[in-house]
Amino acid sequence: MIEATALPAAWQVRFRAGENEGLADTLKSGIGGSAGMRPHELLEASLATCMTISARMALADLGIADADVSVRVYLEREESTTRFRYELALDPALEAHRALVMERIECSPVRSTLSRRLVFEAV
């Protein structure tokens, strides 16, 4: 569970999960700022971090620890479609494992969650 609380500065929000916390912010009509990630960037971050963890786990299963790997995620909001584009960056020495790593990131937990039908309910 994440709890988000508005801060005194315009559009700033502190979010917390247990002992971990972060700051979100946005700029609208010249009001607000950039003290934290924008809400849509948090969606990108969620997917990118999960895919990166999945990639590291795939490589660890091959006996490759501390692999140089990263994932970039781009969120595109269209009228009828939300599109997540992603790019896997691997150390050139690991390119032989790209197909296996891609297979693992394509079924990462956050991607699987976002791929299902979404329902929003107030409690």
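Begin with the two helices H1 and H2, which H1 passes in a right-handed crossing, the near helix being turned clockwise from the far one by less than a right angle; helices here are DSSP runs of H or I with at least four residues, and strands are E runs of at least two, numbered from the N terminus. The model is predicted, with local features needing pLDDT of at least 70 and side-chain atom pairs counting only at pLDDT 80 or more, while totals for chains, interfaces and linings use all residues. Residues are numbered from 1 along each chain as its sequence is written, and side-chain values use heavy atoms, leaving out hydrogens and water.

Next, select the contact (heavy atoms within 4.5 Å), to which H1 contributes Met51, Ser54, Ala55, Met57, Ala58, Leu59 and Asp61, and H2 contributes Leu100, Val101, Arg104 and Ile105.

Now select Ser54, which lies in helix H1 (residues 39-61) and is buried at a relative accessible area of 8%, where buried means under 20%, exposed over 50% and partly exposed in between, with a 1.4 Å probe and protein chains only. Beyond its neighbours within four places in sequence, Ser54 is in contact with Arg104, Ile105, Ser108 and Pro109.
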